[in-house]
Amino acid sequence: MEDPITIAEVEALAQKRLPRAVYDYYACGADDQHALRRNVDKFSEITVLPRVLCDVTTIDTSTEIFGCRTPLPIAFAPSAMQKLAGGEGELDVARAAAKMALPMTLSTQSTMSLEDVADTARATVGDGVPAPPLWFQMYMTPDAVRNESLIRRAEAAGYEALVLTVDTPILGNRLNERKTPLVLPPHLRYGNFETKRPNRPTLNRELMDARTTLQADAILKAARKDMHDASLTWDVLPALRRMTRLRIIMKGIMAPTDARKAVEYGADAIVVSNHGGRQLDCVPSTIEVLPSISEAVQGKIPVIVDGGIRRGSDVFKAIALGADLVMIGRPILWGLSYKGQEGVEAVVNILERELYRTMALAGVTNTRDIRNCTLFSRSGISLAKL
């Protein structure tokens, strides 16, 4: 166990080392956690038809996103307050991403500033070597000045894209957070914005715990501009396009209709995501809706998927069903808790070896050809090719 060889073993170590409230904050989903489990379980219901007598001497696991070649079809998803997980938090994750040349998305609610994270990534690769893509995740609030300030800072720091999270007009019903609210300890602060409540639950989380309509209305009235903006419509995309030169990636797409709208309104990419099962509990898994969303997009923009990826074979299945790239979130946190930067790298190495083996045993030598593989559902029905 102290030398883990699977993501499950890394998580087991993280669970032993993290305070209960911190582990539950990262690990748990909404309500009865059906969506959380479904994200993971549905991968196991998909099987790969192996091929034999194929020359698999050389396996190329690399891919390209926005013109940048990466050694794996994997990016790091945004997750909040990573110093709670261990090590130097977002700085360790940035070092691992830079060393392994993988895209990283920094959360708005990080415990290190977006500037420090960008500087760390550049310092890791050294002078004259381009750092892998850095993307900045945005939760839009009604405070237009705050929103624009964060975007300008991201531009100045060298981030290449905004990952606009669109599935959180309010927070899902996360029972563990309601029973044991997680707050930053006194020695930690949010890195990207000042708050009058640095060591108290956020107003978004207080709204989640409202027991009556009157309580909810009172919180909303007091919050003013500090909440997630529940008034957002599709007009946010052209508005952002006028404001920034950064690419815009929409995170939280689950419906083919919304995927088509994302293309229509000018998104540069989408992330098929149910927020790790932390929002609406009675939803499909991301791998279930991925094929129909990929079909709706028709290759016009990249399709990224997150949720439930715990094996290299899961990466393989996601690509076969239409993803151009996958994002991993919780496994990064487990690696960070296990051994800081080295633990994050260990997680990526586990996934790389598993993806490599899956490709070789399926008779596939590069990620482009994964789309040509035959997959079966649990019932034995061949899944449609895209």
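Me: Where is Arg146 found, and why is Arg146 called partly exposed?
Reply: This is a predicted model, and in it Arg146 is found in helix α6. The relative accessibility of Arg146 is 21%. Buried means under 20% and exposed means over 50%, so Arg146, at 21%, counts as partly exposed.

Me: What does Arg146 contact, leaving aside its neighbours within four places in sequence?
Reply: Arg146 is in contact with Thr108, Tyr139, Thr141 and Phe193, once neighbours within four places in sequence are left aside. Contact means heavy atoms within 4.5 Å. As for Thr105, which is 41 residues apart from Arg146 along the chain, the C-alpha atoms of the two are separated by 19 Å.

Me: How do you know whether Asn147 is buried or exposed?
Reply: Asn147 lies in helix α6 as well. Its relative accessible area is 4%, and the limit for buried is under 20%, so Asn147 is buried. With neighbours within four places in sequence left aside, Asn147 is in contact with Met138, Tyr139, Met140 and Thr141.

Me: What makes strand β6 mostly covered?
Reply: Strand β6 spans residues 134-138, and five of its five residues are buried. Leu134, Phe136 and Met138 point one way from the strand, Trp135 and Gln137 point the other way, and all are buried.

Me: How do you know that β6 pairs with β5, and in what sense does β6 pair with β7?
Reply: Pairing takes at least two bridges. β5 and β6 have three bridges, in the parallel sense, and Leu134 in β6 is the bridge partner of Met104. The chain gets from β5 to β6 through helix α5 (residues 114-125), in a right-handed β-α-β crossover. β6 and strand β7 (residues 161-165) have four bridges, also in the parallel sense. There, Val163 in β7 is the bridge partner of Gln137. β6, helix α6 (residues 144-157) and β7 make a right-handed β-α-β unit.

Me: Why are α1 and α14 called roughly antiparallel?
Reply: Helix α1 (residues 7-17) and helix α14 (residues 330-361) pack at an angle of about 175°, and their axes are 10 Å apart. Angles over 145 degrees count as roughly antiparallel, therefore α1 and α14 are roughly antiparallel to each other.

Me: Which residues of α1 and α14 meet, and of what class are they?
Reply: From α1, Ile7, Val10, Glu11, Leu13, Ala14 and Arg17 take part. From α14 there are Pro331, Trp334, Gly335, Ser337, Tyr338, Val347, Ile350 and Leu351. By class, the contact has 10 nonpolar, two polar and two charged residues.

Me: What is the phi of Asp31, and what is the phi of Ala101?
Reply: Most residues other than glycine have a negative phi. Asp31 is not a glycine, yet its phi is positive, about 45°. Phi of Ala101 is near 60°, again a positive value in a residue other than glycine.

Me: Where are Asp31 and Ala101, and why does each count as partly exposed?
Reply: Asp31 is found in the loop between α2 (20-27) and α3 (34-44). Ala101 is in the loop between α4 (90-100) and β5 (104-106). Asp31 has 32% relative accessibility, so Asp31 counts as partly exposed. Ala101 has 29%, so Ala101 counts as partly exposed.

Conventions. Residues are numbered from 1 along each chain as its sequence is written. This is a predicted model: local features need pLDDT of at least 70, side-chain atom pairs count only at pLDDT 80 or more; totals for chains, interfaces and linings use all residues. Side-chain values use heavy atoms; hydrogens and water are left out. Helices (H or I, at least four residues) and strands (E, at least two) are DSSP runs, numbered from the N terminus. Buried means under 20% relative accessible area, exposed over 50%, partly exposed in between (1.4 Å probe, protein chains only). Axes are lines fitted to C-alpha atoms, for helices over the stretch in contact, and angles run from 0 to 180 degrees between N-to-C directions. Angles under 35 degrees count as roughly parallel, over 145 as roughly antiparallel, 65 to 115 as roughly perpendicular and the rest as oblique. Ala, Val, Leu, Ile, Met, Phe, Trp, Tyr, Cys and Pro count as nonpolar, Asp, Glu, Lys and Arg as charged, and the others, Gly among them, as polar. A crossover is right-handed if, with the strands pointing away from the viewer, the path from the first strand over the helix to the second runs clockwise.
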